[in-house]
Amino acid sequence: MTDRYVHYQRLLFDRPHPRVLRVTMNNGRMNTADQRMHGELGAVWRDIDADPTVSAVLLTGGPKVFSAGGDMALTESIADDWEARVRNWKEAKDIVYNVINCSKPIVSAIRGPAVGAGLVAGLLADVSVAAKDARIIDGHTKLGVAAGDHCAIIWPLLCGMAKAKYYLLLCDTLSGEEAERIGVVSLAVDNEALDVKSLEIAIRLAEGPPSSIRWTKYALNNWLRQAGPIFDASLALEFLGFTGPEVREGMAAFREKRPPNFPTDSPL
């Protein structure tokens with residue numbers, strides 16, 4: 001592996017094919033995103049984009065879980081500390097825009113729970129392959145903040161506004177099989193076939209015409225770039241929510257393993 005990847009601590013890298021870089025989220029604790037992992041998920045796409053030895057990327061969480069969301073210590077630091085809030089706002093922005101702007105095609109292999117920063121990269125990947133029994137959850141409003149990061153920029157485009165609002169407002173769990181049916185992921189397969197199928201797709205992309213594939217990705221992602229102001233607003237509102245009372249109740253409910261008791265009204 002080239003030296004550009006040696007400083008990463010929460011991501012593992014290997015080569016299942018000479019031109020395919022497999023990136024495995026590896027943080028223990030069901031791959032929850034702590035501060036280090038959150039930053040690395042934003043930075044890695046620039047390194048991959050600049051790596052002439054990579055023609056395609058396969059993003060995975062390993063054999064059992066994709067990513068179970070944000071580490072609670074990270075969530076608490078965002079709510080409590082101005083500098084942490086600003087740093088993570090920038091990193092959240094970097095995850096989205098750096099995936100979109102990475103010229104190399106990205107394939108995601110999603111199994112088990114898929115929540116938070118890992119889900120951002122998983123759904124923004126150019127080809128997303130999910131196990132049929134994967135559990136895709138956007139939990140922003142359940143925590144007590146607006147559905148920011150990737151939600152507003154990609155969900156309505158993938159599955160339409162009605163389905164996007166249903167899942168983003170209510171935080172219902174979406175199976176991989178249902179996610180394929182409504183268009184949230186590209187393909188759903190049996191869990192035991194996930195690794196083989198996602199790698200097969202990554203190899204096909206790596207062995208295809210590189211300029212044609214990269215330019216096609218670039219052109220299609222202009223749909224996402226033109227939605228940039230929508231994303232920027234949603235992310236700003238998410239991080240504004242971290243300063244308010246609703247996220248305090250959401251975090252307390254999570255720690256105490258009880259349903260949240262949010263305020264019944266809002267000044268908005």
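Two residues count as being in contact when their heavy atoms come within 4.5 Å. With that in hand, take Thr 32: leaving out residues up to four places away in sequence, Thr 32 touches Asn 27, Met 37, Ala 68, Gly 69, Gly 70 and Asp 71. You'll find Thr 32 in the loop between strand E2 (20–25) and helix H1 (35–49); helices (H or I, at least four residues) and strands (E, at least two) are DSSP runs, numbered from the N terminus. Thr 32 has 12% relative accessibility, so it counts as buried. Buried means under 20% relative accessible area, exposed means over 50%, and partly exposed is in between (1.4 Å probe, protein chains only).

A quick word on what you're looking at. This is a predicted model, where local features need pLDDT of at least 70 and side-chain atom pairs count only at pLDDT 80 or more, while totals for chains, interfaces and linings use all residues. Residues are numbered from 1 along each chain as its sequence is written, and side-chain values use heavy atoms, with hydrogens and water left out.

Now back to E2. Five of the six residues in E2 are buried, so the strand is mostly covered. What runs alongside? Strand E1 (residues 11–17) is joined to E2 by five bridges, and the two run antiparallel; strands pair if DSSP finds at least two bridges between them. E1 and E2 make a hairpin with two residues between them, and Phe 13 has Val 23 in E2 as its bridge partner. E2 is also joined to strand E3 (residues 56–60) by five bridges, this time in parallel, with Leu 21 opposite Val 57 in E3.

Elsewhere, four strands form an open sheet of mixed pairing, in the order E4-E6-E8-E9. Strands E4 (67–68) and E9 (174–175) stand at the edges with a single partner strand each, so one side of each has no neighbour in the sheet. Inside the sheet, E6 (residues 113–115) and E8 (residues 135–136) pair in the parallel sense over two bridges, and Ala 114 stands opposite Ile 136 in E8.

Next, the core. The largest nonpolar core has 79 residues, and those with the most contacts inside it are Trp 45, Ile 48, Ile 153, Trp 155 and Val 184. Such a core is a set of buried Ala, Val, Leu, Ile, Met, Phe, Trp, Tyr and Cys residues joined through side-chain atoms within 4.5 Å. Setting aside neighbours within four places in sequence, Val 184 is in contact with residues including Leu 123, Trp 155, Cys 159 and Leu 174.

Cys 159 is itself buried, at 12% relative accessibility. Disulfides (pairs of cysteine sulfur atoms within 2.5 Å) come to a count of zero. For Cys 159, the nearest cysteine sulfur is that of Cys 151, 11 Å away.

Finally, the rings. The whole structure holds seven aromatic pairs, where rings of Phe, Tyr and Trp (its six-membered ring) have centres within 6.5 Å; planes under 30 degrees apart count as stacked, over 60 as edge-to-face and the rest as tilted. Tyr 97 and Phe 231 are edge-to-face, 5.2 Å centre to centre with 85° between the planes. That pair links helix H3 (residues 82–101) with helix H12 (residues 228–241), the two residues being 134 residues apart. Phe 231 is buried, with a relative accessible area of 0%. Phe 239 and Phe 242 have ring centres 5.4 Å apart and planes at 50°, so that pair is tilted.
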